[in-house]
Amino acid sequence: MSKCTNESTGRLLHAYEINILTEPEREQFEIHLLECEYSHDLLLVFERQAELLTSSSKVRSLFDDVKTSSTHREPLSDRVKQWLWPETPFVFKPAIAYLLVLLLIIPAYYGVSSHTTQTVSEFQQSIYLSPNRSGSTNLRISDGGNALLTFRYEGSIPEKRYRVKIDSENGRTMYLNDKFSGFDEREIGVLSLDLSGIKPGKYRLVIDDPNSENASSREYLFYIE
Amino acid sequence: MSPDYGMSLSDLVEKARSGDNNAEDRLFQILRARFASIAKRRVREKETAEDIVQQACVTVLQKYKTEEFRAGFEAWAYCVLRMKIGNYIQAKSSSRESLDDGTVLDRLPEKSPSDPDLERKLIDCLRKIIKVYPRYARVLSLSYQGFISDEICNRLNVTKTNLYSLLSRGRSVLSLCLETGRV
């Protein structure tokens, strides 16, 4: 026979072998033994081992030092092992769950981390260009990445397009945007400037309205070092 | 279910009751073996166990064709065996080593092992198991102290289901170790 006729009773087998069943359980199992060839065969196969297990004084002496109280604290390593890898079916072992969580967290962490790093690096330097301080505003290329330049253009209107230009000291245009529409209600514009292609030196940022002849332009000076 | 007939003990009884002698022979061959497994765990002496099995089989043979089995043949046959064991125990009740709870003997005899190699292998395996599977070792230790399943569950703060699962796992680990030497 390849299968137990009553698995809920058949699981009492080893408890029966080591004589720890209560009398009702024992009777239940013995009746089961009469009807189940599978359990009876298992009992016969392990008969000598079970007999030694229950009757050998040498075997018993092995267990003299085994703690038997539920309050007994097992070594930390055993407790950790028991916690992570208890006697449960494989899929229910906490270690598997923790591993799966880690497998999900690690890529998520690196995704968030790289995104954050990228965002920070884009705006490593954030500088407010003021007419009063324009001559002393420095950006450092050695810091790499992008700079966020904030400036004001009096009379600017949100969403309207203006021209923003950055010229070097020798008149070379390093940046030109004819459709800059980044001004808000407070007439403040924000420009992200990639410093990687710009040499150290003195630069001038010019804002004007190409569609209005009457509008004045605004200039800011800053240094890249 | 017997390999010869492909049927359960109850099915064999039905066939034997209807006059199938082969089924009856097979029925008592199986019954004798299973009675023996039970009887020798209940009484200490092998010869006594064989006598009890013989007596129980004779009683079953005499009555099984006419008896009504309310709870099934196996339960009835088991009652016959238990009665024979009970009679033996009653007769030996004055002996100081006869009983466990007034009805049965429940410990195997303390005797020197007849298989020292197996004992040595068993000890080696149990040494390993005590380290890697301490809960199983604790159950064994409690069983040596005379505790039964209910008491062991209380002591270890586990349910019966957990205890039997733990024991099944321990038995498997022990069997594997005895075969391969590995835990």
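**Stop 1: an enclosed helix**

Select B:G146, which follows α6(B) and has a positive phi, near 95 degrees. Helices here are DSSP runs of H or I with at least four residues, strands are runs of E with at least two, and both are numbered from the N terminus. A word on the ground rules: this is a predicted model, in which local features need pLDDT of at least 70, side-chain atom pairs count only at pLDDT 80 or more, and totals for chains, interfaces and linings use all residues. Residues are numbered from 1 along each chain as its sequence is written, while chains are lettered from A and ligands numbered from 1 in the order in which they are written.

Now select α6(B) itself. How many of its residues are buried? Eleven of the eleven are, so α6(B) is largely enclosed by the rest of the structure. Buried means that 20 or more other C-beta atoms lie within 10 Å of a residue's own; exposed means 12 or fewer, and partly exposed is in between, with C-beta atoms placed from the backbone. Among the buried residues are B:P134, B:R135, B:Y136 and B:Y144. Show the cover next: it includes α6 (57-62) and α7 (76-84) of chain A, together with α5, α7 and α8 of chain B.

**Stop 2: where the chains meet**

Colour by chain. In the contact between the two, 52 residues of chain B meet 43 residues of chain A. A contact here means C-beta atoms, placed from the backbone, within 7 Å of each other. On the chain B side, select α2 (21-42), α4, α5 (116-132), α6 (134-144), α7 (149-156) and α8 (160-180); these elements each give two or more residues. Which gives the largest share? That is α8(B), with ten residues. By class, this side of chain B has 27 nonpolar, ten polar and 15 charged residues. Nonpolar covers Ala, Val, Leu, Ile, Met, Phe, Trp, Tyr, Cys and Pro; charged covers Asp, Glu, Lys and Arg; the others, Gly among them, are polar. The predictor gives the complex an ipTM of 0.84 and a pTM of 0.57.

**Stop 3**

Select α4 of chain A, residues 37-45. Its buried residues are A:E37, A:S39, A:H40 and A:L43. They cover an arc of only 165 degrees around the axis, which puts them on the same side of α4(A); the arc is that of the directions from the helix axis to the C-beta atoms. The face away from the buried side carries the exposed residues A:D41 and A:V45. The buried residues pack against α1 (7-10), α2 (13-17), α3 (23-35) and α5 (47-55) of chain A, together with α2 of chain B.

Zoom out to chain A. It has eight helices and eight strands. Of its 225 residues, 20% count as buried.

**Stop 4: the cores**

Select B:A39 and B:L81. They touch the most other members of the largest nonpolar core, which has 61 residues. Such a core is a set of buried Ala, Val, Leu, Ile, Met, Phe, Trp, Tyr and Cys residues joined through C-beta atoms within 7 Å. Helix α4 (residues 73-91) of chain B gives the most to this core, eight residues. Apart from this core lies another, of 14 residues, including A:Y162, A:L193, A:L205 and A:Y220.

**Stop 5**

Most residues other than glycine have a negative phi. Select A:E187, in the loop between β5 (173-180) and β6 (188-194) of chain A. A:E187 has a positive phi of about 70 degrees although it is not a glycine. With 15 C-beta neighbours inside 10 Å, A:E187 counts as partly exposed.

Then select B:N157, in the loop between α7 and α8 of chain B. Phi of B:N157 is also positive, near 60 degrees. B:N157 counts as exposed, with 10 C-beta neighbours inside 10 Å.

**Last stop: confidence**

Colour by pLDDT, the predictor's confidence in each residue, from 0 to 100. Chain B has a mean of 82, and 85% of its residues reach 70 or more. Over residues 1-5 of chain B the pLDDT is below 50. It also stays under 50 over residues 98-110 of chain B. Where pLDDT is low, the predicted coordinates should not be read in detail.
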